[in-house]
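This report describes one protein chain for a reader who has not seen it before. The sequence and structure come first, and the description follows.

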Amino acid sequence: AICYFDQRQYKKGLRAIVRAKLHEGSDRIGPAFRMRIALTEISARITVEDFEVVERLLLEVRKDYADLLAETLNGVGLDLIQVLTEINDQIGLPMTDRLRERIESFLNQHSPQTLENFSFADYHSLLQAKIEGRKMGA
């Protein structure tokens, strides 16, 4: 899936993630790894503008991985979920100053390396694209 995302073939990457999640052995994967997969799926779904699924996935990640999100890398997980929720809530609306400041604050607080260590997705670039008014993932 990551190879597809690197090549900007998001739909193929999403199919690979869904197949992996449905695989009979996927329940034996550790929760931290499953959370990283879920966050990667969220970034891809934001990129392809599948916002209804994003909303559901954000709720699932908050519920299923609450403890992990709170303890990961100085709270980067909770911060990321909050920013993604705010972005998803603003879909179809012009970027507000408040949201731009929130994203900039998040990016200043968490280095690209920290975000890379936390998720398979390049959230730093995705969020920077959002600030610059480009389509996320473009």
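Glutamate 49 sits in the loop that links helix 3 (31-47) to helix 4 (51-64). In this predicted model, the phi angle of glutamate 49 is near 60°, a positive value in a residue that is not glycine. Most residues other than glycine have a negative phi. Glutamate 49 has a relative accessibility of 48% and therefore counts as partly exposed, since that class lies between 20% and 50%.

Phenylalanine 51 belongs to helix 4. Apart from neighbours within four places in sequence, phenylalanine 51 touches Ile46, Asn88 and Ile91.

Asparagine 88 is part of helix 6 (residues 76-89). Its relative accessible area is 11%, so asparagine 88 is buried, the limit for that class being under 20%. Beyond neighbours within four places in sequence, the contacts of asparagine 88 are Phe51, Val54, Glu55 and Leu58.

Helix 6 also meets helix 9 (residues 123-131); the two axes come within 13 Å and cross at roughly 35°. This crossing of helix 6 and helix 9 is left-handed. On the side of helix 6, the residues in contact are Leu80, Val83, Leu84 and Ile87, and on the side of helix 9 they are Tyr123, Leu127 and Lys130. By type, the residues of this contact are 6 nonpolar, no polar and 1 charged.

Arginine 102 is located in helix 7. With neighbours within four places in sequence left aside, arginine 102 is in contact with Asp79, Gln82, Val83 and Glu86. Valine 83 is 19 residues away from arginine 102 along the chain, and their C-alpha atoms are separated by 7.2 Å. Is arginine 102 buried, partly exposed or exposed? Its relative accessible area is 22%, so arginine 102 is partly exposed.

| Residue | Relative accessible area | Class |
|---|---|---|
| Glutamate 49 | 48% | partly exposed |
| Asparagine 88 | 11% | buried |
| Arginine 102 | 22% | partly exposed |

The rest of the report concerns the whole chain. The protein contains 9 helices and 0 strands. Read from the N terminus, its elements follow the order α-α-α-α-α-α-α-α-α. Of the 138 residues in the protein, 41% count as buried. Among contacts between residues at least 6 apart in sequence, 57% join residues at least 24 apart.

The C-alpha atoms fill a box of roughly 45 × 30 × 25 Å along the principal axes. For 138 residues, a compact globule would have a radius of gyration near 14 Å, and the protein agrees with this because its own radius of gyration is 14 Å.

How confident is the prediction, and where is confidence lowest and highest? The protein has a mean pLDDT of 82, and 93% of its residues reach 70 or more. Confidence is lowest in helix 1 (residues 2-6), where the mean is 71, and highest in helix 7 (residues 97-109), at 92. Arginine 102 lies in helix 7. Where pLDDT is low, the predicted coordinates should not be read in detail.

Technical notes:
Residues numbered from 1 in each chain as written. Predicted model: local features only at pLDDT ≥ 70, side-chain atom pairs only at ≥ 80, totals over all residues. Heavy atoms only, no water. pLDDT = per-residue confidence, 0-100. Helix = DSSP H or I, 4+ residues; strand = E, 2+ residues; numbered from the N terminus. Buried < 20%, exposed > 50% of the residue type's maximum accessible area, 1.4 Å probe, protein only. Contact = heavy atoms within 4.5 Å. Axes fitted to C-alpha atoms, helices over the stretch in contact; angles between N-to-C directions. Left-handed = near helix turned anticlockwise from the far one by under 90°. Nonpolar A, V, L, I, M, F, W, Y, C, P; charged D, E, K, R; others polar. Rg over C-alpha atoms; globule rule 2.2 N^0.38 Å.
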